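Thank you all for making the time this morning. I would like to walk you through one structure, going from how a chain is divided up to how the chains meet, and then on to a few local details.

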2 protein chains.
Amino acid sequence: MPELRKDPIIGRWVIISTERGQRPSDWSGEKNDKSGGFCPFCPGNEDKTPPEIFSFRQKSTEPNSSGWDLRVVSNKFPALQIEGELKRRGKGVYDLMNGIGAHEVIIESPDHYREFNDYTIDQIEMILLAYQSRILDLKKDSRFKYILIFKNQGRAAGASLEHSHSQLIATPIVPKNVLEELAGAKRHFDIKERCIFCDIIRQENESDERVVALTENYISITPFAARFPYEVWILPRSHSSHFENLDRQKYRELAGLMKDILSRLSKALDAPPYNFIIHSAPIQNGDMEEYHWHIEIIPKLTKVAGFEWGSGFYINPTPPETACAHLRKVSF
Amino acid sequence: MPELRKDPIIGRWVIISTERGQRPSDWSGEKNDKSGGFCPFCPGNEDKTPPEIFSFRQKSTEPNSSGWDLRVVSNKFPALQIEGELKRRGKGVYDLMNGIGAHEVIIESPDHYREFNDYTIDQIEMILLAYQSRILDLKKDSRFKYILIFKNQGRAAGASLEHSHSQLIATPIVPKNVLEELAGAKRHFDIKERCIFCDIIRQENESDERVVALTENYISITPFAARFPYEVWILPRSHSSHFENLDRQKYRELAGLMKDILSRLSKALDAPPYNFIIHSAPIQNGDMEEYHWHIEIIPKLTKVAGFEWGSGFYINPTPPETACAHLRKVSF
């Protein structure tokens, strides 16, 4: 059983996988994940993944057979375990609980070689609807406090399988960065009675120097205090705290904008590795006046990892205004 | 002039290098830093670095000539600029100030090929004394609130030059992770009237399952809620808040322990890239009852960067107890 352990100084929860403890030899040098051409996510290999939890598939095809457009399965090597009780406990100065949670993989397309920005808008819409559906289902489990949806594109961004996929982790705690955003947003709301994200959107719209793209309901910006070169955020222009509560048309519009932004990044930076992460309010909270869901897209261009991890101190060599100007100029 | 910009939501300060804004082409693919054999840090090339700020050198040799054992110079491409005023200001919802600070490089040895764990204890002691001396000097400048000392070993850990060196950044703000540690430590002290780090040391000493090495005045542990496989901390066993206030004998003892720990990591993990970061109290504060300086050593073994950066959520596949057992067993 994995464990969730709390850092006693700063209060950050960490998952410790107590079962698959790597030995030193496993870490030596680069891992080689060339699977000799075999891909468990390709059509025909459905029996090589855990059973299907959700799918979009052609009529009259059976679950766990071919004929699908998108599949969601449990991660074969889950970081957290779905069965069991939390059993929160202390151990002297330390706090821990069982590593209970869900860890799912969204296999975004049957096509092994297609990347996210190359999908049709229909396909991206389908992916977003799958995210929504999984959140609405897992939300019913009161053990879970947060659902994290993210994508690692490319090995340097943490992807271990080539076939394009995203991941979902449902956790019994709210991750540290989300807690910080919630606390910061609340501080602003307490003083101003306005959402800080709404304030940012208003100011960015006026100044226009960091707006990459604007649609009817969304704005995409390079954030003022970006940690990374070419970091891009997508936010709904009207206040909304939960990603999973959109109507269908809004997912479709978001799909179009995601395709646009990811294509710009791909073209401007020569198909960089990247991560995107959906930041949404905790699932058990009702609508929140002070929090605003958004997507953060982080191309992985610099190699300054450990120091930043250790200090929380970021040096960004590309001003967001410069990144924005370049991204705007990309032509298709 | 670089800018320090504050994230309006979570309050994190970031350095934006507004002068050397990379163009997209600079980021495409891996950077190649093979310098064709030329190294600005090697003896004989003293005129290829900014002038010496500090050195240990043989008697009757001139500054900026050969004959040195260690040199400290300004970073040729500093993230922050030493001259000027802070000029804190607002811009609507955003806060910023001038990027004032010091960014220095400690050239640890004249030997191009020797790595930190291969130095003699004398040499490591000299490096630690150089850190101390630079902190004591920069501390006099009241514009600076914090001094960050760190080492990137290996390209994957962010080193851009092969010749072994460490870095110092003096900043007009306290970095986010330090603020969090200070806040967490204060919370504990307010309730318990004890230092949280002292409590951790006491408990680790008793349980012994995460103690890698113990000397008269230091303890080295794999932390209970380690974010990374084989993360190791070194802490003084007696309460002490500022790294720069040790007496000479304590630096020497620390040098011996650092050599021991870094050699164990090197042997166990096949000379991995790593970072170490000295966590010390803010320089303008007097002795602090609640904070305890320490060194965090983070081998760079996993590639899960962007997601963790984005969420603050870490999955550690190697329990610290397993890492500790392996590190203890290393024989020389």
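Before I give a distance, let me say what I mean by a domain here: the domain bounds come from an automatic or database domain assignment. Please also keep in mind throughout that this is a predicted model.

With that understood, chain A is divided into domain 1, which covers 3-17 + 38-175, and domain 2, which covers 177-329. The C-alpha centres of domain 1 of chain A and domain 2 of chain A lie 22 Å apart, and the contact takes 27 residues from domain 1 of chain A and 24 residues from domain 2 of chain A. If we look at the side of domain 1 of chain A that touches domain 2 of chain A, the elements that give two or more residues to that side are α2 (121-138) and β8 (146-153) of chain A. The largest share of that side, eight residues, comes from α2(A). By class, the side of domain 1 of chain A that touches domain 2 of chain A has 17 nonpolar, five polar and five charged residues.

Let me turn now to the two chains. Which relation holds between chain A and chain B? Chain B can be laid on chain A with an RMSD of 0.0 Å, by a turn of 180° and a shift of 0.0 Å along the axis, and that is the relation of a two-fold axis. As for the contact itself, 74 residues of chain B are in contact with 74 residues of chain A, and on the side of chain B that touches chain A these divide into 37 nonpolar, 22 polar and 15 charged. Because 100% of the interface residues of chain B are also interface residues in chain A, the copies meet through the same surface. Strands pair between the chains as well: strand β2 (residues 13-16) of chain A and strand β15 (residues 314-316) of chain B pair in the parallel sense over three bridges, and within β15(B) the bridge partner of Ile15(A) is Ile315(B).

Next, the sheet in chain B. Ten strands form an open sheet with antiparallel pairing, in the order β3-β4-β7-β9-β8-β13-β14-β12-β11-β10 of chain B. The edge strands are β3 (52-57) and β10 (211-214) of chain B, each of which pairs on one side only, and the twist averages 15° from one strand to the next. Helix α4 (residues 196-207) of chain B lies across β10, β11 (218-221), β12 (232-236) and β14 (294-299) of chain B, and runs at about 75° to β11(B).

I will end with two loop residues whose backbone deserves a look. Tyr230(A), in the loop between β11 (218-221) and β12 (232-236) of chain A, has a phi near 65°, a positive value in a residue other than glycine. Is Tyr230(A) buried or exposed? With 29 C-beta neighbours inside 10 Å, Tyr230(A) counts as buried, since the cut-off for that class is 20 or more. Ala271(B), found in the loop between α5 (248-269) and β13 (274-279) of chain B, has a positive phi of about 50° although it is not a glycine. Ala271(B) has 16 C-beta neighbours inside 10 Å and therefore counts as partly exposed.

Methods
Residues are numbered from 1 along each chain as its sequence is written. Chains are lettered from A and ligands numbered from 1 in the order in which they are written. This is a predicted model: local features need pLDDT of at least 70, side-chain atom pairs count only at pLDDT 80 or more; totals for chains, interfaces and linings use all residues. Two residues are in contact if their C-beta atoms, placed from the backbone, lie within 7 Å. Ala, Val, Leu, Ile, Met, Phe, Trp, Tyr, Cys and Pro count as nonpolar, Asp, Glu, Lys and Arg as charged, and the others, Gly among them, as polar. Two strands pair if DSSP finds at least two bridges between them. Helices (H or I, at least four residues) and strands (E, at least two) are DSSP runs, numbered from the N terminus. Copies are superposed by least squares on the C-alpha atoms of residues with pLDDT of at least 70 in both. Axes are lines fitted to C-alpha atoms, for helices over the stretch in contact, and angles run from 0 to 180 degrees between N-to-C directions. A residue is buried if 20 or more other C-beta atoms lie within 10 Å of its own, exposed if 12 or fewer, and partly exposed in between; C-beta atoms are placed from the backbone.
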